[in-house]
Amino acid sequence: MKKAVLIFYDARMLGHEPSGWDTQHPEWSDAVKAMIAHQYPEASLETYAYPERPERLTAIVERLKAEPVDGQGWRVPMPVTHAQLQRVHSVEYLAYIESLVGASGWLAQDTTAVSPESVVAARLAAGAGISAIEAIASGEGRHTFCIVRPPGHHASTDDARGFCLYNNIAVAAMHAREVLGFRRVMIWDWDMHHGNGTQDIFYDRPDVLVVDSHCEAPFYPGTGKLTETGTGAGVGYHLNVPFPRGSGNAALLDVLEQVVRPAARAFRPELILISAGFDCHYLDQTCAMDETGFAALTQHMCALAQEVCDDRLVVMLEGGYNAQALSDSAHATVRALAGETITDINVLPVDEGRAAVAEAARFHADTIAALGRPSAPPDRTSGSR
Ligand SMILES: [Zn+2]
């Protein structure tokens with residue numbers, strides 16, 4: 001059955017274009033040199049270009065325009081407001097980011113820089129998830145796809161990291177909780193990197209369940225161990241699934257079947273959000289998924305959303321740095337969101353990620369079972385939907 005897919009995108013997000021290198025700014029040069037030496041030991045200043053570049057989005061958008069998916073509809077997101085950001089980020093941090101409007105500079109040694117239009121782009125990226133959830137809540141659609149940059153999942157309450165300024169998915173989840181009255185929200189972050197920012201923001205909350213599957217430490221950002229399961233009231237509401245480099249489609253499908261699905265059935269979210277990075281694609285050269293895997297994950301998540309949360313599903317772009325991989329994976333994802341059935345999934349002869357995922361599933365089994373206890377999680381805020 002064909003379904004409508006609402007796609008949230010604004011070309012102003014292409015205006016975020018840090019060069020990462022400027023001979024007029026020797027202080028940046030030192031920062032960039034240090035970052036390249038740390039993050040890209042095989043690269044050099046001559047070959048380095050800021051990897052989080054506008055072509056990431058144009059590759060996806062041009063593909064969806066050249067080969068439109070039956071049911072896709074384009075929407076322009078509203079820019080995020082200060083009040084919406086304040087549910088996630090500190091006042092001091094927001095003032096700092098706002099001070100960068102019109103400026104160029106290097107924010108974090110590990111990767112993050114801005115150009116004059118970056119904050120405008122970031123406001124739209126952070127607003128896209130809210131616009132998607134508003135569309136879902138109003139009944140305009142059920143399946144939504146946010147094509148955004150800068151990405152968000154490395155940004156914490158008061159820190160920019162990993163190309164991220166505002167934590168887009170966290171801002172969306174908090175809007176769903178505090179304005180639209182969704183009592184329980186679930187996030188699956190399937191980006192190759194651990195979403196350290198999302199973890200920090202929700203670590204003490206039982207109303208936002210986060211499953212994060214990622215390449216294991218010491219791979220960037222070096223967090224996301226199995227034992228990081230939350231703090232205070234949030235203990236048991238953060239499920240990390242680390243796996244080795246080289247993991248492929250079968251390992252990620254195991255994450256879905258052994259962790260995400262049972263957790264969702266126990267937790268009973270009223271909305272599911274996906275931090276969808278496509279950097280586990282083999283063309284990004286660290287893991288070994290391909291677009292058939294992303295299509296299958298999406299197909300299963302559609303079925304899960306239909307089962308547990310009246311089909312309310314937001315897919316939001318995070319990382320992925322190869323234009324071909326992004327184009328193929330995003331197109332496959334939108335086709336799956338539109339109801340296309342995927343039958344041919346490529347699997348490796350041996351997928352070494354599967355053993356790590358099985359170990360994580362065993363580790364989390366009791367925690368997942370406890371998600372179904374009637375006491376969890378409380379309805380913390382009021383609101384109408
Ligand atoms: Zn990533």
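Here is a short chat about how to read some features of this structure.

Colleague: Where do I start?

Modeller: With the ground rules: this is a predicted model, where local features need pLDDT of at least 70, side-chain atom pairs count only at pLDDT 80 or more, and totals for chains, interfaces and linings use all residues. Residues are numbered from 1 along each chain as its sequence is written, and side-chain values use heavy atoms, with hydrogens and water left out.

Colleague: Okay, the metal. Which protein atoms are the donors of the zinc ion?

Modeller: Donors are N, O and S atoms within 2.8 Å of the metal (3.2 Å for Na, K and Ca), and water is not among the atoms, so sites may look incomplete. Here Asp191 gives two entries, both OD, alongside His193 (ND1) and Asp279 (OD), at 2.0 to 2.7 Å from the zinc ion. Along the sequence the spacing reads D-x1-H-x85-D.

Colleague: And what is the geometry of the zinc site?

Modeller: Four donors count as tetrahedral if all angles lie between 85 and 135 degrees; four count as square planar and six as octahedral if opposite donors are over 155 degrees apart and all others between 65 and 115; anything else is irregular. The angles among these four donor atoms run from 53 to 157 degrees, and the site is irregular.

Colleague: Are Asp191 and His193 buried or exposed?

Modeller: Buried means under 20% relative accessible area, exposed over 50%, partly exposed in between (1.4 Å probe, protein chains only). Asp191 and His193 are both buried.

Colleague: How do I read a pocket?

Modeller: Rolling a probe the size of a water molecule over the atoms shows where empty space is left. On a 1 Å grid over the protein atoms alone, a pocket is an open set of points where a 1.4 Å probe fits, with protein on both sides within 12 Å along at least five of seven lines; lining residues have an atom within 4 Å of a point. Grid points are joined across faces, edges and corners, and a volume is the space filled by probe spheres set on the points. The largest pocket comes to about 1000 Å³. It has 29 lining residues, and Gln39, Tyr40, Pro51, Asp284 and Thr286 are the closest to its centre.

Colleague: Where are the cis peptide bonds?

Modeller: One joins Arg149 and Pro150, with omega about -5 degrees; Pro150 sits in the loop between strand 5 (143-146) and helix 6 (168-178). Another runs from Ala217 to Pro218, omega near 15 degrees, and Pro218 is in the loop between strand 7 (208-215) and strand 8 (238-243).

Key: Helix = DSSP H or I, 4+ residues; strand = E, 2+ residues; numbered from the N terminus.
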